[in-house]
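The following note sets out points for a colleague's reading of the structure shown below.

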Amino acid sequence: MDQPVCAQKSPFKLTLEAGKDYWWCACGRSAKQPFCDGSHKVCGIAPLKFSVPKTADYWLCGCKATAKPPFCDGRHKTL
């Protein structure tokens, strides 16, 4: 299996809706970052399905190195 690609060295700040399902791109190859567009099919790294408990702003990982996917944990600062 391939390794994830760093899509960007900063998180994506997005307003997400409670109760809605999202698919976070875990491979870094999607053209619709930070969400999946099916590009993972060439590398075998599946996207992560998630939802949030309340409608609010969230920081989603852009570097794909977070230990708390899909949320940013600051690891992009060490890349």
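1. The model is predicted, and the remarks below should be read accordingly. I begin with D73, which is partly exposed, its relative accessible area being 30%. Its side chain meets that of R75 in a salt bridge, with 3.0 Å from N to O. R75 is likewise assigned to the partly exposed class, at 40% relative accessibility.

2. In total the structure holds 3 salt bridges. One of them joins K13 to D57, where the closest N and O atoms are 3.9 Å apart. Because K13 belongs to strand β1 (residues 12–16) and D57 to strand β4 (residues 56–60), this pair ties together parts that are 44 residues apart in sequence. The cut-off for a salt bridge is 4 Å, and the reader may wish to set the 3.9 Å of K13 and D57 beside it. K13 is partly exposed at 49% relative accessibility, and D57 is partly exposed at 44%.

3. A further salt bridge links K49 with D21, the closest N and O atoms lying 3.5 Å apart. K49 sits in strand β3 (residues 48–50), whereas D21 is in the loop between β1 and β2 (22–24), so the pair ties together parts that are 28 residues apart in sequence. K49 has a relative accessibility of 46% and counts as partly exposed; D21, with 45%, is also partly exposed.

4. Which partners does the side chain of Q33 have? A polar atom of that side chain lies 3.2 Å from the backbone oxygen of S30, and the side chain also makes a polar contact with the side chain of K64, at 2.9 Å. When neighbours within four places in sequence are set aside, Q33 is in contact with A7, F12, C25, G28 and K64.

5. On the cysteines, the structure holds 0 disulfides. C27 is in none, and the nearest cysteine sulfur, belonging to C25, is 3.8 Å away. A disulfide requires sulfur atoms within 2.5 Å. The sulfur of C61 is 3.7 Å from the closest cysteine sulfur, that of C63, which is too far for a bond. C27 is buried at 2% relative accessibility, and C61 is buried with a relative accessible area of 2%.

6. The aromatic pairs number 4. In the pair of Y58 and F71, the ring centres are 6.0 Å apart and the planes stand at 40°, so the pair is tilted. The two residues link distant parts of the chain, Y58 being in strand β4 and F71 in the segment after β4, 13 residues apart. Y58 is buried, at 15% relative accessibility, while F71 is partly exposed, at 28%.

7. Which residues make up the aromatic cluster that includes Y58 and F71? Y22, F35, F50, Y58 and F71 form one cluster.

Terms used. Residues numbered from 1 in each chain as written. Predicted model: local features only at pLDDT ≥ 70, side-chain atom pairs only at ≥ 80, totals over all residues. Heavy atoms only, no water. Helix = DSSP H or I, 4+ residues; strand = E, 2+ residues; numbered from the N terminus. Buried < 20%, exposed > 50% of the residue type's maximum accessible area, 1.4 Å probe, protein only. Polar contact = N/O pair within 3.5 Å; in protein donor to acceptor, adjacent residues only side chain to side chain. Contact = heavy atoms within 4.5 Å. Phe/Tyr/Trp six-rings, centres within 6.5 Å; stacked < 30°, edge-to-face > 60°.
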